[in-house]
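Could you look over this structure with me?

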Amino acid sequence: MYELIQLTERTYYIKSPTNIGLFRLDEKNVCLIDSGNDKEAGRKVRQILDKNGWTLRAILCTHSHADHIGGCKYLQAQTGCKVYSPGVER
């Protein structure tokens, strides 16, 4: 679990209990689509980012169910990334 799967040149997902999207902005910077279900998911995502030498710039939250936003607080505290969500989800 928590395996990085490449889909296209810049798009990936992290296979986890709730899959997490990853888009590579350039060689070093990435953004996530959702963040997993908790702090432990955030830690595992951070390990994947570190292993690849990537810097997390943003998390795009699709909706506010816990399994999609649970890792946000941890990842934002660790990386200083921005977190975005649509309308009422904010």
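The points below go from the sheet to the helix.

1. This is a predicted model, in which local features need pLDDT of at least 70 and side-chain atom pairs count only at pLDDT 80 or more, while totals for chains, interfaces and linings use all residues. Residues are numbered from 1 along each chain as its sequence is written, and side-chain values use heavy atoms, with hydrogens and water left out.

2. Six strands form an open sheet in the order E1-E2-E3-E4-E5-E6, with mixed pairing (strands are DSSP runs of E, at least two residues, and helices runs of H or I, at least four, numbered from the N terminus; two strands pair if DSSP finds at least two bridges between them). Strand E1 (3-6) and strand E6 (82-84) stand at the edges with a single partner strand each, so one side of each is left without a neighbour in the sheet.

3. Strand E5 (residues 55-60) pairs with E6 in the parallel sense over three bridges, and Ala58 stands opposite Lys82 in E6.

4. Helix H3 (residues 72-79) packs on the sheet, where it touches strand E4 (29-33), E5 and E6 (contact means heavy atoms within 4.5 Å).

5. Within H3, Cys72, Tyr74 and Leu75 are buried (under 20% relative accessible area, with exposed meaning over 50% and partly exposed in between, for a 1.4 Å probe and protein chains only). The face of H3 turned away from its buried side carries the exposed residues Lys73 and Ala77.

6. Just after H3, Gly80 takes a positive phi of about 75°.

Methods
Axes are lines fitted to C-alpha atoms, for helices over the stretch in contact, and angles run from 0 to 180 degrees between N-to-C directions.
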